[in-house]
Amino acid sequence: MITLTKDGALWVVSLNRPEKANSLTAAMLEELCEIVEGAGAARVLVLTGEGKVFSAGADLDEARAGLATSPLWERLSGAVAAFEGLSIAALNGTLAGGAMGMALACDIRLAVPAAKFFYPVMKLGFLPQPSDPARMRALIGPARAKLVLMGGQKILAEEALAYGLIDRIVAPDALLEQARDIAADVLAAKPEIISGIKRMI
């Protein structure tokens, strides 16, 4: 349910459970963590999904069994944030719930025009994963972070772009091509230049 494609130092990690809106199980989260933590040979990491939804968040059955508050979510977003190369979320559709953590931790977020963004923890009675509110606040400011996390609002792609939640809106058939175009200079650079610029930013 996770597909990893390696093209030299460009790794594309795809959520591949479209029949369930790419909702994440504990096994999928564990596999994602292991891939990202083991991505030392990659210079660019692209996270995307199959179908028309990036991820609906936690698998409902597993969420009821405790996955909604699992430390695996924080482990995954922490691994993405710690990745020394360039991380790109190529969001092929709607992003919901805990799945937002890995996208918030990426360096760049691209999204298709039909994407929606929401994180209904207040409604569901859970706290968000520890790092997510701070990363969201850094991108869109405290009031808008409260709009999403406390007000439960669904943010459309154009609004998300205006907020700074995403960086570019891209046609679905050009999404991965755009990610590869952004990755080109990084893939051609020396590792110390990549990590050096990232630290300076």
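Guide: Two strands are taken to pair if DSSP finds at least two bridges between them. The model discussed here is a predicted one.

Visitor: In β5, which residue is the bridge partner of valine 46?

Guide: β3 and β5 pair in the parallel sense over four bridges. Within this pairing, the residue of β5 that partners valine 46 is isoleucine 88.

Visitor: Which residue in β3 stands opposite valine 12?

Guide: β2 and strand β3 (residues 44–49) run parallel and are joined by six bridges. Across this pairing, the residue of β3 that faces valine 12 is valine 46.

Visitor: What is the hand of the β-α-β crossover from β2 to β3?

Guide: The two strands, β2 and β3, run parallel. Between them the chain passes through helix α1 (residues 26–37). The hand of this crossover is right-handed.

Visitor: Which residue of β2 stands opposite isoleucine 2?

Guide: Strand β1 (residues 2–7) pairs with β2 in the antiparallel sense over six bridges. The hairpin of these strands has two residues between them, and glycine 8 takes a positive phi near 65° there. Opposite isoleucine 2 stands leucine 15.

Visitor: How many residues of strand β2 are buried?

Guide: Both faces of β2 are covered. On one side Leu10, Val12 and Ser14 are buried, and on the other Trp11, Val13 and Leu15. For the strand, residues 10–15, the number of buried residues is six of six.

Visitor: Why is strand β5 largely enclosed by the rest of the structure, in terms of its buried residues?

Guide: Leu86, Ile88 and Ala90 point one way from β5, while Ser87, Ala89 and Leu91 point the other way, and all are buried. Strand β5 (residues 86–91) is therefore largely enclosed by the rest of the structure, the buried residues numbering six of six.

Visitor: In β7, which residue is the bridge partner of alanine 89?

Guide: β5 and β7 run parallel, joined by four bridges. In β7, the partner of alanine 89 is arginine 109.

Visitor: Which strands stand at the edges of the sheet, each with a single partner strand?

Guide: Four strands form an open sheet of mixed pairing, in the order β4-β6-β8-β9. Each edge strand has a single partner, so one side of each is left without a neighbour in the sheet; these strands are β4 (53–55) and β9.

Visitor: In β6, which residue is the bridge partner of valine 53?

Guide: β4 and strand β6 (residues 94–96) pair in the parallel sense over two bridges. The partner of valine 53 in β6 is threonine 94.

Visitor: Within what arc do the buried residues of α7 fall, seen down its axis?

Guide: In helix α7 (residues 142–149), the buried residues are Ala145, Val148 and Leu149. They line one face of the helix, because, seen down the axis of α7, they fall within an arc of 85°.

Visitor: How far apart are the C-alpha atoms of proline 113 and alanine 157?

Guide: Proline 113 lies in the loop between β7 (108–111) and β8 (116–118). Its contacts, not counting residues up to four places away in sequence, are Ala157, Ile169, Val170, Ala171 and Pro172. Although proline 113 and alanine 157 are 44 residues apart along the chain, the separation of their C-alpha atoms is 5.7 Å.

Visitor: How many disulfides does the count give?

Guide: A disulfide requires two cysteine sulfur atoms within 2.5 Å. The sulfur of cysteine 106 is 13 Å from the closest cysteine sulfur, in cysteine 33, and is therefore too far for a bond. The count of disulfides comes to zero.

Terms used: Residues numbered from 1 in each chain as written. Predicted model: local features only at pLDDT ≥ 70, side-chain atom pairs only at ≥ 80, totals over all residues. Heavy atoms only, no water. Buried < 20%, exposed > 50% of the residue type's maximum accessible area, 1.4 Å probe, protein only. Arc of directions from axis to C-beta. Contact = heavy atoms within 4.5 Å. Right-handed = clockwise from strand over helix to strand, strands pointing away.
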